[in-house]
Amino acid sequence: MELGSIGKKIREMRLRRKKTQQQIADQCGISKSLLSKIENGQTASAVATLSKISEALEVPLSWVLDDKIEQELVLQRKDNRQSKVGDESMGYSYELLANRSRYSGIEPTIVYVRPKNINQRTEPFTHTQDEFIYIINGSIYLVYDGNKHYMETGDSAYFQGSKPHLFMPVSNEGAQVLTCFIDRT
């Protein structure tokens, strides 16, 4: 999904909920300026930020990221998946794998961690969902709650998204991480 489409959906839902940009920004702990740039398609946003925005708007994260109607069965062919969302300044990009949050409370994505030589991100993320990760390809350092953990292909972890965390690349190869955001409610 294009940045402009994500922004348009966020703006439309915010207006439908009769909320100002300042109210949503304050609720999410972000600046009004950043929310404005997201709504206008001028910047990519971290999935953690989009998660906070979706929570503030009382919609599933999948609704923000995906333009398909939720279904009981979701088959997603690899050649029909939407393009990656994100930019190099975030340190990663991601793709939504299935739109089923209304039914299961799980948001499966693939996170593409940028190679070390172009990844400048050092600020950790937080969000309300728990998170399960599985390293599909490459290696990362999972920085979680101030501790750094080396992870490589085949390793997995489950943790609380409310604690500060970050995927940092180990090499200039980058990494692919299967990530499932899980609502605890």
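Strand β4 and strand β5 (residues 147–152) run antiparallel and are joined by six bridges, where two strands are taken to pair if DSSP finds at least two bridges between them, and where strands (E, at least two residues) and helices (H or I, at least four) are DSSP runs numbered from the N terminus. The structure is a predicted model, in which local features need pLDDT of at least 70 and side-chain atom pairs count only at pLDDT 80 or more, whereas totals for chains, interfaces and linings use all residues. Residues are numbered from 1 along each chain as its sequence is written, and side-chain values use heavy atoms, with hydrogens and water left out.

T179 lies in β8, which covers residues 175–182, and stands opposite I133. At 0% relative accessibility, T179 counts as buried, the term denoting under 20% relative accessible area, with exposed denoting over 50% and partly exposed the range in between (1.4 Å probe, protein chains only). When its neighbours within four places in sequence are left aside, T179 is in contact with E107, P108, T109, V111, E131, F132, I133 and F167, contact being defined as heavy atoms within 4.5 Å.

Burial also marks helix α4 (residues 47–56), which is largely enclosed by the rest of the structure because eight of its 10 residues are buried; among them are V47, L50 and I53. Just after α4, E58 takes a positive phi of about 60°, although E58 is not a glycine. This residue lies in the loop between α4 and α5 (61–65) and, at 64% relative accessibility, counts as exposed. A positive phi of about 60° is found also at K18, which is not a glycine. K18 is located in the loop between α1 (3–16) and α2 (21–28), and its relative accessibility of 73% places K18 among exposed residues.
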